[in-house]
Amino acid sequence: FSLCVSVLLSTLVYCSLGQGGASLSISPDRSQFFKLESVSLSCEVQGNSAGWRVKRYTVSGEGSDCGRKWGKQQGSSCIVSLISSDSGVYWCESGSGEHSNDVNITVPDGAVILESPALPVTEGDSVTLRCRYQGTPSNLTAVFYKDGSLIRTQTTGEMTIPAVSKSDEGLYKCTNSEGESPESWMTVTGENMRNLDIQIIWSFFTLLSGA
């Protein structure tokens, strides 16, 4: 019984990860950073993690592994003290060429960024977007845009979507008195997939208990 449960849970975890059973996590979970801020990138692998590396392809056209001219490998994580040339696409890759999900990181030259999730959010979750200024005060009155259209003005410099839906997926940016942030894409995944996992587990236990 315990072996069957272990196999089922392992299968569900594997399915929730990226291609090849790996997922790239990012901390803090956001797409935009000021210069000299640090970010931690980790390969979460189902099974043997040996041989998996964080890789990137920058806007300048350079592709390489963490620890080669950029980043510092600390255990299973890659720590990067960011500068503008670090803007690009990051992912995990195995020695045999298997890939995880991609994560976009933007480090603008300007003093305004939009803090939005780099990783997909699930329908029904609460999401807060923050328009940050690098100076003081950091939370100026901000105007938020989605897909080029103004959606909200907030004196606090942040806006919250209490329960995101698929219609909230899109390209976001913000402006305040000090400038404009770059645009970042927010991905929203369906609640159905999470419910499906729960239904599969429940059906499995029901089947075993009746056996």
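This is a predicted model: local features need pLDDT of at least 70, side-chain atom pairs count only at pLDDT 80 or more; totals for chains, interfaces and linings use all residues.
**Strand pairing**

- A quick word on terms: strands are DSSP runs of E with at least two residues, numbered from the N terminus, and two of them pair if DSSP finds at least two bridges between them.
- Strand 2 pairs with strand 6 in the antiparallel sense, over five bridges.
- Strand 6 also runs antiparallel to strand 5, with three bridges joining the two; here K72 has I79 as its bridge partner in strand 6.
- Strands 5 and 6 form a hairpin with two residues between the strands, and G75 takes a positive phi near 65 degrees there.
- Strand 11 and strand 14 are another antiparallel pair, with four bridges, and V127 stands opposite I161 in strand 14.

**The two faces of strand 14**

- In a regular strand the side chains alternate between the two faces of the sheet.
- Strand 14 (residues 158-161) has M159 and I161 on its covered face, with E158 and T160 on the uncovered one.

**Disulfides**

- A disulfide is a covalent bond between the sulfur atoms of two cysteines; the cut-off used here is a pair of cysteine sulfur atoms within 2.5 Å.
- Count the bonded cysteines along the chain and the pattern reads 1-4, 2-3, 5-6.
- C43 is joined to C92, with 2.2 Å from S to S. The pair links distant parts of the chain, 49 residues apart, with C43 in strand 2 (residues 38-45) and C92 in strand 7 (residues 88-93).
- The C43 and C92 link is left-handed because the torsion about its S-S bond is about -105 degrees.
- Both ends of that link are buried (under 20% relative accessible area; exposed is over 50%, partly exposed in between, with a 1.4 Å probe and protein chains only): C43 has a relative accessible area of 13%, and C92 has 0%.
- C66 is joined to C78 at 2.1 Å from S to S. C66 sits in the loop between strand 4 (63-65) and strand 5 (72-74) and C78 in strand 6 (residues 77-81), so this link ties together parts that are 12 residues apart in sequence.
- The C66 and C78 link is right-handed, with 95 degrees about the S-S bond, and both C66 and C78 are buried.
- C131 is joined to C174, again with an S to S value of 2.1 Å. This pair links distant parts of the chain as well, 43 residues apart: C131 is in strand 11 (residues 127-133) and C174 in strand 15 (residues 170-176).
- With a torsion of about 80 degrees about its S-S bond, the C131 and C174 disulfide is right-handed. C131 and C174 are both buried.

**The second largest pocket**

- Rolling a probe the size of a water molecule over the atoms shows where empty space is left.
- On a 1 Å grid over the protein atoms alone, a pocket is an open set of points where a 1.4 Å probe fits, with protein on both sides within 12 Å along at least five of seven lines; lining residues have an atom within 4 Å of a point.
- The second largest pocket holds about 260 Å³ of space, where volume means the space filled by probe spheres set on the grid points.
- Its lining has 15 residues, and D102, N104, A118, W185 and T187 lie nearest the centre.
- Strand 8 (103-105) and strand 17 (184-186) each supply at least two lining residues, and strand 17 gives the most, with three.
- Domain 1 (23-108) and domain 2 (110-190) each contribute at least three residues to the lining; the bounds come from an automatic or database domain assignment.

**A contact at T122**

- T122 is in strand 10 (residues 121-122) and is buried, with a relative accessible area of 17%.
- T122 and V164 are 42 residues apart in sequence and 7.3 Å apart in space, C-alpha to C-alpha.

Terms used: Residues are numbered from 1 along each chain as its sequence is written. Side-chain values use heavy atoms; hydrogens and water are left out.
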